[in-house]
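Welcome! Please take a moment to look over the sequence and the model below before reading on.

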Amino acid sequence: MIDKSPEYRFKKALGVSMMLLLVAFAALPTLWALILSVRSPSAVFEPIWESPLALTLENFFNITRSDFPKALLNSFITAGSATVLAMIIGVPAGFALAKSRVSGKFIASWVLLLLRMAPPVGFVIPLFLLYVNAGLIDTYLGLIVAYMTLTLPLVVWSMWNSFAQVPDELIEAALMDDATLTQAFLLIVLPAARPGAVAAAILAFLVAWNDFFFSLIITRSSTTTAPVAVMNFISFDSVDWASIAVASIALTLPILPLMAIANRYIVQSLSGAVKG
């Protein structure tokens with residue numbers, strides 16, 4: 001029986017109000033960016049109620065004539081490549097760590113965790129010196145390899161936890177049916193851990209997509225990514241706030257469909273659910 005007492009209704013109303021308040025607080029920066037993106041440069045700092053009709057789409061056309069679209073494409077190339085490579089290497093590595101009976105797995109887990117928690121500045125100095133000698137500065141390969149220091153530990157750690165939840169009996173049954181270990185992995189274990197794999201891929205892509213530090217140090221003009229390209233709208237004597245707002249929207253929009261499609265997989269992965 002549902003409790004309909006005044007105390008219950010008050011607590012429910014309070015909870016809903018707090019939730020709506022948090023949602024509004026989180027959505028405020030996005031709403032403000034949308035407003036700035038269609039405001040004319042002369043009315044950016046004016047309250048919207050004083051000049052509600054000072055709207056323009058020229059900001060969107062201006063950003064298409066800049067170098068930002070190329071930087072956005074560079075972000076897709078580097079973040080996507082780093083994610084694919086991290087999945088190709090990290091998924092089998094996570095399976096091996098989860099199901100193998102070798103010693104030293106505890107140490108490996110801590111090494112992976114330390115790599116994941118280490119700040120990027122700990123990697124960028126030796127990488128920069130190596131890249132200068134190898135000619136990898138301002139190249140896709142150099143930036144992708146740098147992103148791998150962020151994405152690979154995340155994928156291995158995530159997949160390790162996902163594969164550990166798959167019962168060993170499934171693998172043993174497949175091996176008893178004359179399947180090879182590779183076949184058991186591809187046909188049994190990987191589909192069972194699909195929520196974790198999708199979640200790991202999405203989180204790895206977001207880490208690389210939002211990176212600013214590596215791109216700032218390693219790239220120049222040819223492979224500059226979108227987060228760094230936003231700085232081009234800031235000059236010595238002025239700041240193009242409208243273009244920055246448009247750029248922030250362009251950085252956010254590609255992520256939204258991805259998160260909407262894969263939301264249920266992320267929830268299942270974080271809750272420890274594994275489909276058999």
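This is a predicted model: local features need pLDDT of at least 70, side-chain atom pairs count only at pLDDT 80 or more; totals for chains, interfaces and linings use all residues.

Residues are numbered from 1 along each chain as its sequence is written, and side-chain values use heavy atoms, with hydrogens and water left out.

## Aromatic rings

Let us start with the rings. A pair of aromatic rings is described by the distance of the centres and the angle of the planes. Here, rings of Phe, Tyr and Trp (its six-membered ring) pair if their centres lie within 6.5 Å; planes under 30 degrees apart count as stacked, over 60 as edge-to-face and the rest as tilted.

How many aromatic pairs does a search of the whole structure find? It finds seven aromatic pairs. One of the pairs joins Phe68 and Phe233: the ring centres are 6.4 Å apart and the planes stand at 50 degrees, so this pair is tilted. Phe68 belongs to helix H3 (residues 68-99), while Phe233 sits in the loop between helix H11 (226-229) and helix H12 (241-252), so the pair ties together parts that are 165 residues apart in sequence. Helices here are DSSP runs (H or I, at least four residues), numbered from the N terminus. Phe68 and Phe233 are both buried, where buried means under 20% relative accessible area, exposed over 50% and partly exposed in between (1.4 Å probe, protein chains only).

Elsewhere, Phe76, Phe205 and Trp209 are linked into a cluster by ring pairs.

## Two helix pairs

Next come the helices. Two packed helices are described by the angle between their axes and the distance between the axes. The axes are lines fitted to C-alpha atoms, for helices over the stretch in contact, and angles run from 0 to 180 degrees between N-to-C directions.

Take helix H1 (residues 6-37) and H12: their axes come within 8 Å and cross at roughly 125 degrees. That angle makes H1 oblique to H12; angles under 35 degrees count as roughly parallel, over 145 as roughly antiparallel, 65 to 115 as roughly perpendicular and the rest as oblique. The crossing of H1 and H12 is left-handed, a word used if the near helix is turned anticlockwise from the far one by less than a right angle, with right-handed used if clockwise.

Which residues meet where H1 and H12 come together? From H1 there are Ala33, Leu34, Leu36 and Ser37, and from H12 there are Ala242, Ala245, Val246, Ser248 and Ile249. Contact means heavy atoms within 4.5 Å. By class, the contact of H1 with H12 has seven nonpolar, two polar and no charged residues. In this scheme, Ala, Val, Leu, Ile, Met, Phe, Trp, Tyr, Cys and Pro count as nonpolar, Asp, Glu, Lys and Arg as charged, and the others, Gly among them, as polar.

Helix H7 (residues 168-176) and helix H8 (residues 181-192) also pack, at an angle of about 130 degrees and with their axes 9 Å apart. H7 and H8 are therefore oblique to each other, and H7 passes H8 in a right-handed crossing. On the H7 side, Leu170, Ile171, Ala174 and Leu175 meet Leu181, Ala184, Ile188 and Val189 of H8. The contact of H7 with H8 has eight nonpolar, no polar and no charged residues.

## Single residues

The table gives the accessibility of some single residues.

| Residue | Relative accessibility | Class |
|---|---|---|
| Ile144 | 10% | buried |
| Ala86 | 0% | buried |
| Asp138 | 17% | buried |
| Asp178 | 70% | exposed |
| Ala96 | 38% | partly exposed |

Ile144 lies in helix H6 (residues 140-164). Not counting residues up to four places away in sequence, Ile144 touches Thr78, Ser81, Ala82 and Leu85.

Ala86 is placed in helix H3. Leaving aside neighbours within four places in sequence, Ala86 is in contact with Val91, Met148, Thr151, Leu152 and Val155.

Ala96 is also in helix H3.

Most residues other than glycine have a negative phi. Asp138, in the loop between helix H5 (121-134) and H6, has a positive phi near 60 degrees. Asp178, in the loop between H7 and H8, has a positive phi near 70 degrees.

Terms used
Helices (H or I, at least four residues) and strands (E, at least two) are DSSP runs, numbered from the N terminus.
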